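Biologist: I've got this model open on my screen and I'd like to learn how to read it. Can we go through some features together?

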Amino acid sequence: MSRRRELRVGALARVEGEGALRVVVADGSVESAELNIYEPPRFFEAFLRGRAYTEPPDITSRICGICPVAYQTSACNALEQICGVELDRPLADLRRLMYCGEWISSHSLHIHLLHTPDFLGYPDAIALAADHRELVEQGLATKKAGNALLEFLGGRAIHPVNVRLGGFYSVPERTEFAAVTELLLRARDYAVNTARRAAEFDFPELELECELLTATDPDRYAIDNGEVHTSTGLRFAAADFTSHVREHQVPHSTALHASLDGARYLTGPLARYTLNHHRLSPIARQVADEIGLGAECRNPYRSILVRAVEVVYAIEEALALIDRYERPSRPAVPVEPRPGVGHGVSEAPRGLLYHRYEIDDHGIVRSATIIPPTSQNQAVMEDDLRRVVAGNLDLDDAALAAVCERAIRNYDPCISCSAHFLDVDVVRR
């Protein structure tokens, strides 16, 4: 006789967005695991049509309050490509410096407030702080340093307003960096301590069986731009992104899925580290070796270690950029419109973010395509959940729900800027 069971979790905190998970178990086997994203479409690509070519960096930054700089940077990369503009080196360094602030802030939020409670057995960061006050305080101080850098260069930490095509509206004097430098120096020590502490966590054994995709820079760890590389050795420019990455609609989600030449793939910290770890800064590389990351990392539970190392790297990189900073002779390179199609990528904290724009000879946006990292990772998340559920079918409903929630949080999905995103519906037959 078949047995049918339903498991429902009303909401999952410690992720961004709204959605549901439906798992069907039949005759002791996982028949399907579907991540149902039920938020209404937000129509940003449609909003951009008919707008001036100067507007996408500001408009797209509103897609996410956690990683607005990623949207601004990918948009600028694509539009500046169309217009044949290359930033002066000091301006490019400032853009990368601002992006470092976003990495520091976003990763610290995820590590300390969203992910660490899973490993130490707490329901949330408030409960965690009762017993591990110093760990949470150091995380908040590190996030504060990232926010300070964003506010210093961008005018505010959320949806920065100082970014424009070709650079910035205003640029700081060298002497103005003192306060943020002090915060970053203190945060570097906290970040190293966090990586060492996270290395003590117990990590379930799970290896992802999929392609990895990331941006790569020949001279440094990719953040603000790069050529796209995969773990099988495929390399292509941003202009060829949609020749390899195809989006498609699935019946159970309002969010599009993506495939790489027809296969599942992962972008984000695990992909970045595995393909680029040799380009980490000296201290970050030393920390990675000390905590046992090795040459690659495919265990999603250990993604917290990679994020911790990336925080160390972003702080080091920010300090190096500040140390060699010379105030640009102009705040922005002139960007005059011309008709064409441009493609831009950058590495958001959660993975590669792709933008494509077509503008006409009047500088009006005729079409726009934006492919964020979370939608690219959904197929891998579903496959991961199938395997996690299959290995834990002996658990009762409450315990199995907790296992599913924890597996989702490994990916730090950013489905929207909401506080919750997951209902779990497990059907057992």
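Biologist: Leaving aside its neighbours within four places in sequence, which residues is Gln138 in contact with?

Modeller: Before that, some ground rules: this is a predicted model, where local features need pLDDT of at least 70 and side-chain atom pairs count only at pLDDT 80 or more, while totals for chains, interfaces and linings use all residues. Residues are numbered from 1 along each chain as its sequence is written, and side-chain values use heavy atoms, with hydrogens and water left out. Now, contact means heavy atoms within 4.5 Å. On that basis Gln138 touches Tyr190 and Asn193. Gln138 itself sits in helix 6, residues 133-154; helices here are DSSP runs of H or I with at least four residues, strands are runs of E with at least two, and both are numbered from the N terminus.

Biologist: Is Gln138 buried or exposed?

Modeller: Buried means under 20% relative accessible area, exposed over 50%, and partly exposed in between, using a 1.4 Å probe and protein chains only. Gln138 comes out at 11%, so it is buried.

Biologist: How many residues of helix 3 are buried?

Modeller: Helix 3 is mostly covered, with 14 of its 15 residues buried. For its span, the expected value is 1.5 Å times one less than the number of residues. Helix 3 runs over residues 68-82 and reaches 22 Å from first C-alpha to last, close to the expected 21 Å. After helix 3 comes Gly84, with a positive phi near 65 degrees.

Biologist: Which strands does helix 3 lie across?

Modeller: Angles are taken between N-to-C directions, from 0 to 180 degrees, with axes fitted to C-alpha atoms (for helices, over the stretch in contact). Helix 3 lies across strands 12, 13 and 14, at about 150 degrees to strand 12.

Biologist: In what order do those strands form their sheet?

Modeller: Two strands pair if DSSP finds at least two bridges between them. Here the order is 12-13-14, an open sheet with antiparallel pairing. Strand 12 (340-348) and strand 14 (365-371) are at the edges with a single partner strand each, so one side of each has no neighbour in the sheet. Strand 12 and strand 13 (residues 351-359) pair over 9 bridges, and Glu347 stands opposite Leu352 in strand 13.

Biologist: How many disulfides does the structure hold?

Modeller: A disulfide is a pair of cysteine sulfur atoms within 2.5 Å, and the structure holds 0.
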